[in-house]
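Let's take a friendly look at a protein chain and its ring-shaped side chains. Have the structure open while you read.

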Amino acid sequence: KEEILVESFCDGIPFWQWNQENVKNVEMRNKMCNVGVRTVCQMIFKDNFIHQDLHPGNIFCSRDGKKFILLDTGMASEYDDDDHDRIISILTAFIRMDGEKAGELLIKDSNARTRDDDKVLHEKEYIAKITELTDECKFNEDQYLMQKLGEYIGRMFDAAQKHHVLMNPAFVSCSLAVKVVEGVALALNPDCEIWRIANPIILQSEIARKTKKLGNTFGVSSIAAKIKGEAELLAKRVKYAAIDAGKHNPKRE
């Protein structure tokens with residue numbers, strides 16, 4: 001039944017212990033880095049089954065180094081389609097470094113959940129602050145927002161406090177999960193470009209959500225399913241194109 005959550009015993013060791021024991025096994029560490037990023041991105045963007053207490057103490061590795069084990073999954077959340085779409089849209093805007101859109105979405109979400117006498121103050125100033133934050137990454141080749149997200153969370157909260165933006169708890173939870181996977185990924189592979197792994201998953205999620213809306217609106221589920229299949233194939237091609245990009249800078253493309 002959907003309302004029953006089943007947990008199983010998994011034999012593993014804490015991530016930091018596994019990481020130390022395999023410090024010289026670069027190939028395995030790189031593989032686990034990819035697994036970790038894909039796990040959290042799929043959890044947030046595709047599965048909509050989000051761990052609400054993801055921290056290093058809740059992350060184990062199997063002894064064979066083939067999978068991550070997430071503990072305490074009893075604290076997990078699913079959101080309805082509208083809430084999930086709102087959360088993903090905000091996160092995607094940040095990851096794509098579109099600060100103006102991210103700011104607008106955060107304001108819209110906040111105003112929808114507050115009283116008329118407690119709406120966002122000085123909206124344009126708030127959007128400018130969020131845009132400034134993303135522009136620092138957009139025009140700096142050594143930074144990428146998803147890899148530096150932890151550094152910016154404090155600034156987001158500071159701007160939210162000053163402008164009375166009610167931060168969406170689900171967005172905050174997902175942002176912290178991204179911060180955790182950032183730490184895990186960079187501990188395994190300091191040269192990891194997280195965006196290369198994340199972007200194809202985000203694209204597939206975006207296509208799936210828009211296709212579902214199209215099918216629900218026009219009742220064309222078979223056509224929508226075909227479009228979805230072709231779009232997922234395109235997303236795979238985008239993934240490999242990013243890997244083969246060589247000296248090109250996809251951050252600006």
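At 1% relative accessibility, phenylalanine 15 counts as buried (under 20% relative accessible area; exposed is over 50%, partly exposed in between, with a 1.4 Å probe and protein chains only). Tryptophan 16, at 39%, counts as partly exposed.

This is a predicted model, where local features need pLDDT of at least 70 and side-chain atom pairs count only at pLDDT 80 or more, while totals for chains, interfaces and linings use all residues. Residues are numbered from 1 along each chain as its sequence is written, and side-chain values use heavy atoms, leaving out hydrogens and water.

## Ring pairs

There are three aromatic pairs in the structure. Rings of Phe, Tyr and Trp (its six-membered ring) pair if their centres lie within 6.5 Å; planes under 30 degrees apart are stacked, over 60 edge-to-face, and the rest tilted. Phenylalanine 15 and tryptophan 16 sit edge-to-face, 4.6 Å centre to centre with 65 degrees between the planes. Phe15, Trp16 and Phe68 form one aromatic cluster.

Why is the pair of phenylalanine 94 and phenylalanine 171 called stacked? Because their planes are at 20 degrees, with the ring centres 5.8 Å apart. Phenylalanine 94 lies in helix α3 (residues 81-95) and phenylalanine 171 in helix α7 (residues 169-188), so the pair ties together parts 77 residues apart in sequence.

## The whole chain

The chain has nine helices and five strands; helices (H or I, at least four residues) and strands (E, at least two) are DSSP runs, numbered from the N terminus. Buried residues make up 43% of the chain's 253 residues.
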